[in-house]
Amino acid sequence: MGKQDFVSSGNDRLDRQLKFTAEIDQMTAVLRRTMLIDKSRRENDAEHSWHIAVMAMLFEEYAAEPVDIGRVVQMCVVHDLIEIYAGDTFAYDPVGNLDKEERERAAADRLFAMLPPEQGGMIRSLWEEFDAMETADAKYAACMDRLQPFYHNTLTDGHTWAENGTNRAMVEQRMAVIREFMPRVYDWVETNIENGIEKGWLAP
């Protein structure tokens with residue numbers, strides 16, 4: 001059984017929506033570097049996207065500007081869909097990030113074309129807005145995207161930091177959007193950076 005067993009509804013629009021729904025199930029197979037808090041395995045893209053969408057509902061009060069939580073949650077759940085084809089690029093991998101934009105745009109062209117044009121365009125627009133990180137909604141969504149793996153590192157003995165020789169400057173650069181858009185939360189981030197260095201999880 002699988003996607004090849006799809007039975008048409010007889011309605012082209014509905015068929016396209018259903019096939020896209022099946023395609024994005026592949027997010028569950030895209031593994032990230034972040035460990036689950038119980039350290040049993042690495043998380044997948046679907047888990048990450050769900051997690052940051054819920055976080056976005058919780059931390060609005062710390063945003064420096066008003067945000068539309070509905071739009072932010074939409075960004076959170078679609079921002080990594082293109083990784084079905086492009087794969088996950090580790091934030092601290094300089095080589096992998098060289099062609100990241102090219103791979104992801106090709107993936108977006110392929111994936112979003114599966115949908116009826118206005119729906120594909122709508123999701124692509126959310127993805128592009130998130131990636132540009134210029135609007136208040138996108139900045140807030142980006143904060144969630146960065147805060148979640150950071151938090152996991154603080155609860156898993158700095159697993160991905162230590163595994164990849166990450167240093168303070170790299171983390172601070174990655175968390176800069178939180179410093180700008182959620183300064184009260186960044187105070188907590190700074191405390192945990194210092195703690196990570198003290199415990200040897202993070203290089204000075």
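Reader: Helices here are DSSP runs of H or I with at least four residues, and strands are E runs of at least two, both numbered from the N terminus. With that in mind, where does Asp 157 lie?

Author: This is a predicted model, and in it Asp 157 sits in the loop between α7 and α8, the latter being residues 159–163. Its phi is near 55°, which is a positive value in a residue other than glycine.

Reader: And is Asp 157 buried, partly exposed or exposed?

Author: Asp 157 counts as partly exposed, because its relative accessibility is 44%, and that class covers what lies between under 20% for buried and over 50% for exposed.

Reader: Let's move to α3, then. Which of its residues are buried?

Author: Helix α3 runs over residues 69–78, and its buried residues are Ile 69, Val 72, Met 75, Cys 76 and Val 78. On the spacing of such residues in general, an α-helix has 3.6 residues a turn, so residues three or four places apart point the same way.

Reader: What covers those buried residues of α3?

Author: The cover includes α2 (45–58), α6 (117–132) and α7 (136–155).

Reader: How do α3 and α6 pack, as an angle and a distance between axes?

Author: Their axes are 9 Å apart and the packing angle is about 90°, so α3 and α6 are roughly perpendicular to each other. By class, the contact of α3 with α6 has six nonpolar, one polar and two charged residues.

Reader: Which residues meet there, on the α3 and α6 sides?

Author: From α3 come Arg 71, Gln 74, Met 75 and Val 78, and they meet Ile 123, Leu 126, Trp 127, Glu 129 and Phe 130 of α6.

Reader: One more on α3: what caps its N-terminal end?

Author: Asp 68 does, with a side-chain oxygen that lies 3.0 Å from the backbone nitrogen of Gly 70.

Reader: What about the largest nonpolar core: which members touch the most others?

Author: That core has 51 residues, and Phe 112, Tyr 140 and Ile 178 touch the most other members. Helices α2, α3, α4 (83–86), α5 (100–112), α6, α7, α10 and α11 (183–198) each supply at least two residues of this core, and the largest share of it, nine residues, comes from α7. As a general background, in soluble globular proteins, nonpolar side chains tend to be buried together.

Reader: Is Asn 153 buried or exposed?

Author: Asn 153 counts as buried because its relative accessibility is 4%, and the residue is in helix α7. Leaving out residues up to four places away in sequence, Asn 153 touches Gly 158, His 159, Thr 160, Trp 161 and Trp 201.

Reader: And Arg 179, where is that found?

Author: Arg 179 is in helix α10, residues 176–181, and it is partly exposed at a relative accessible area of 41%. Apart from neighbours within four places in sequence, Arg 179 is in contact with Glu 172 and Tyr 186.

Reader: Last one: which side chain has a polar contact with that of Ser 40?

Author: The partner is Asp 38, joined to Ser 40 by a side-chain polar contact of 2.7 Å. Ser 40 lies in the loop between β1 (31–35) and β2 (42–44) and counts as exposed at 51% relative accessibility.

Methods: Residues are numbered from 1 along each chain as its sequence is written. This is a predicted model: local features need pLDDT of at least 70, side-chain atom pairs count only at pLDDT 80 or more; totals for chains, interfaces and linings use all residues. Side-chain values use heavy atoms; hydrogens and water are left out. Buried means under 20% relative accessible area, exposed over 50%, partly exposed in between (1.4 Å probe, protein chains only). Contact means heavy atoms within 4.5 Å. A polar contact is a pair of N or O atoms within 3.5 Å; within protein, one must be able to donate a hydrogen and the other to accept it, and residues adjacent in sequence count only if both atoms are side-chain atoms. Axes are lines fitted to C-alpha atoms, for helices over the stretch in contact, and angles run from 0 to 180 degrees between N-to-C directions. Angles under 35 degrees count as roughly parallel, over 145 as roughly antiparallel, 65 to 115 as roughly perpendicular and the rest as oblique. Ala, Val, Leu, Ile, Met, Phe, Trp, Tyr, Cys and Pro count as nonpolar, Asp, Glu, Lys and Arg as charged, and the others, Gly among them, as polar. A nonpolar core is a set of buried Ala, Val, Leu, Ile, Met, Phe, Trp, Tyr and Cys residues joined through side-chain atoms within 4.5 Å.
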